[in-house]
Amino acid sequence: MPPYQRAQVQGLCDLLQASPKFMVAIFGPRQTGKTTIVQQALERAKIPGRLLPIDSLEQPPLRYAADAGSSPALISPPGTTEWLVRHWRAARVEAEHTGRGFVLALDEIQKLPRWSETVKGLWDADRASDSPLRVVLLGSAPLLMQAGLNAILLS
């Protein structure tokens, strides 16, 4: 019997296969299936991607869909702005080299200090260069996520 597929998986797949005009933000209470939806969508999508858990220092990034590239060296400690920038830039390079784009999913983004300013700057640079990098933000602290999202939308 195949594993249960959440209803939102196909919608996320459709967004990931479209041109990366917008970031996708998925947030809600803990243990409601946000990470599972992204994992299932990345497995089903026809483009490579990586899920980076911000809150788990021991867990390596999860790779999907023929992601043969190497993970960037972790010179900066996980969960820091420098760590995020290093992984984002590596994902950007992978997106350019695949010819099909790349998905970078950041799980528990609200646990990263100053995440909204960093993500906005990186995303704006990607849009200016027409990068094929797609970004999914996941978070479980709605007030922190909403504050960060407002900063991105209002800036």
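Where is Gln 31 found?

**View 1. Gln 31 sits in the loop between strand 1 (24-27) and helix 2.** This is a predicted model, in which local features need pLDDT of at least 70, side-chain atom pairs count only at pLDDT 80 or more, and totals for chains, interfaces and linings use all residues. Residues are numbered from 1 along each chain as its sequence is written, and side-chain values use heavy atoms, with hydrogens and water left out. Gln 31 isn't a glycine, yet its phi is positive, near 65°. With 72% relative accessibility, Gln 31 counts as exposed (over 50% relative accessible area, 1.4 Å probe, protein chains only). Helices (H or I, at least four residues) and strands (E, at least two) are DSSP runs, numbered from the N terminus.

**View 2. Arg 114 is in the loop between strand 4 and helix 4.** Here's another non-glycine with a positive phi, about 55°. Arg 114 counts as exposed, at 56% relative accessibility.

**View 3. Helix 1 (residues 8-17) meets helix 2 (residues 34-44).** Their axes (lines fitted to C-alpha atoms over the stretch in contact, with angles running from 0 to 180 degrees between N-to-C directions) come within 9 Å and cross at roughly 55°. Contact (heavy atoms within 4.5 Å) involves residues including Leu 12 and Leu 16 of helix 1 and Ile 37 and Leu 42 of helix 2.

**View 4. Helix 3 (residues 81-98) has 18 residues.** Just after helix 3, Gly 99 takes a positive phi of about 80°.

Technical notes: The expected span of a helix is 1.5 Å times one less than its number of residues. Buried means under 20% relative accessible area, exposed over 50%, partly exposed in between (1.4 Å probe, protein chains only).
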